[in-house]
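Student: I would like to learn how to read a structure like the one below. Please take me through it feature by feature.

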Amino acid sequence: MFRIFAVAPALAVTLALTGQPLAAEEQTRQISGSLSYMQKIALPADASVTVAATGAFDTILGEAQFGTEGRQVPIPFSVDVPANLSGRVGAVIRVGGQPRWLVEDVPYRASEEAVDLGTLNLRQITPLAFDTRFDCGGTEVAFGVLGERATLRIDGRDIEMEQVRAASGARYQGVGGDGTEFWSKGDAAMLSVAGREMPDCTRIDESAKPYRAGGNEPGWHVSIGESEVELVADYGALTRSTPRPEPEVTPGAYLFDMPEIGARLTLEDRLCRDDATGMPHPHRAALELDDRVLRGCGGDPASLLIGGEWHIEHMGGAGIVDSSAPAIGFDAGGRVAGTSGCNRFVGGYELTGEGLSFSQMGATLMACPEALMTQERRLLDALEQVRRFDFDETGALLLTGGPEDATLLRARRMK
């Protein structure tokens with residue numbers, strides 16, 4: 001798998017390979033763009049670049065490594081990947097072998113056409129050692145060590161902390177007495193920032209969830225874990241398991257060949273809707289089991305939402321105020337954030353077997369022209385009514401709900 005961690009216990013940027021290499025003659029396309037950053041810092045002669053495109057199961061679809069040879073940002077790049085597979089691009093610039101700038105999870109869609117991602121802006125890396133991440137009512141915080149100091153990281157800033165006595169757990173307060181306090185007890189914590197009490201905090205589970213594919217008739221599913229595959233069919237009457245094989249990558253699909261249990265799973269990178277609930281999934285699944293072929297869907301529906309921001313085009317059929325650029329983005333922790341064109345908003349979202357819902361929505365309180373305030377009210381009202389999501393034939397996101405079960409918001413990614 002290819003993963004770049006800006007904050008990790010090992011303080012590493014990791015590259016690893018899973019999956020089978022593609023034959024040279026197989027159909028590919030090019031993903032290109034350029035890398036830049038905001039800081040006015042020149043790259044030294046020993047700077048190097050790694051760019052990788054990853055697909056499902058953290059499979060490396062394409063990779064490029066090269067020295068900068070005295071070049072400064074923006075630095076162009078290109079990577080060849082299989083056709084008809086979606087993926088995500090990550091890049092790191094190293095200086096003296098150590099990571100200094102990073103960008104992760106820039107999505108691109110399945111297609112046969114070349115893709116220009118434009119300029120990717122990297123962030124400077126200042127990793128925390130031995131860090132633990134918490135979700136405090138939708139705000140992610142990290143507590144760890146920066147240099148030799150205990151540090152709380154929240155909203156892009158670092159607060160130096162010192163330990164104080166506590167009857168239980170580990171309790172810290174901000175150096176200088178600014179009213180910041182962090183008190184952790186196992187998987188829970190309490191946090192105040194500059195005297196403002198935050199919602200209760202819970203530790204973020206970093207463990208990878210198994211991939212699941214399945215169908216409704218005759219009731220089957222396959223669960224692909226880190227080391228084992230479990231297969232259940234015929235509504236539970238048939239169960240088999242086997243060590244996880246490496247995925248075979250072909251243009252448009254991933255294949256898991258499991259002859260020891262008489263099974264072969266093909267996952268096509270095309271939108272699939274559950275035939276019972278209509279819930280969209282990222283893959284169409286076909287399980288060859290003994291002498292049968294069972295069909296269904298695979299993958300986490302949330303992966304269709306997570307990534308770059310969705311730029312809202314219509315609200316309940318009405319247009320958008322010129323140049324206001326309302327947008328919404330989803331993260332893997334169940335949080336949503338965006339802009340109405342006036343204020344920023346944040347909240348939570350939940351996916352169930354039946355649909356999508358938003359909760360605990362809040363917004364900043366900046367005053368704007370009346371047209372933008374009206375647009376903001378329409379947007380927040382629409383989010384409260386959303387009950388499910390889907391995509392149209394052009395790839396636009398449709399958020400649907402309300403008393404008439406109509407499309408309330410339509411949004412599109414720019415890339």
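**Reading a helix, a residue and a sheet**

Tutor: T339 touches A325, P326, A327, R344, F345 and L379, not counting residues up to four places away in sequence; contact means heavy atoms within 4.5 Å. This is a predicted model, in which local features need pLDDT of at least 70, side-chain atom pairs count only at pLDDT 80 or more, and totals for chains, interfaces and linings use all residues. Residues are numbered from 1 along each chain as its sequence is written, and side-chain values use heavy atoms, with hydrogens and water left out.

Student: Is T339 buried or exposed?

Tutor: Buried means under 20% relative accessible area, exposed over 50% and partly exposed in between (1.4 Å probe, protein chains only). T339, at 16%, is buried.

Student: Which residues of helix α1 are buried?

Tutor: An α-helix has 3.6 residues a turn, so residues three or four places apart point the same way. In α1, the buried residues are L372, Q375, E376, L379, A382 and L383. Seen down the axis of α1, they fall within an arc of 130 degrees, so they line one face of the helix; the arc is that of the directions from the helix axis to the C-beta atoms. The exposed residues E370 and E384 sit on the face turned away from the buried side.

Student: In what order do the nine strands of the open sheet run?

Tutor: Strands of a sheet pair through backbone hydrogen bonds, either parallel or antiparallel. Here the order is β22-β21-β20-β19-β29-β28-β25-β24-β23, with antiparallel pairing. Two strands pair if DSSP finds at least two bridges between them. The edge strands, β22 (238-243) and β23 (248-250), each pair on one side only.

How values were computed. Helices (H or I, at least four residues) and strands (E, at least two) are DSSP runs, numbered from the N terminus.
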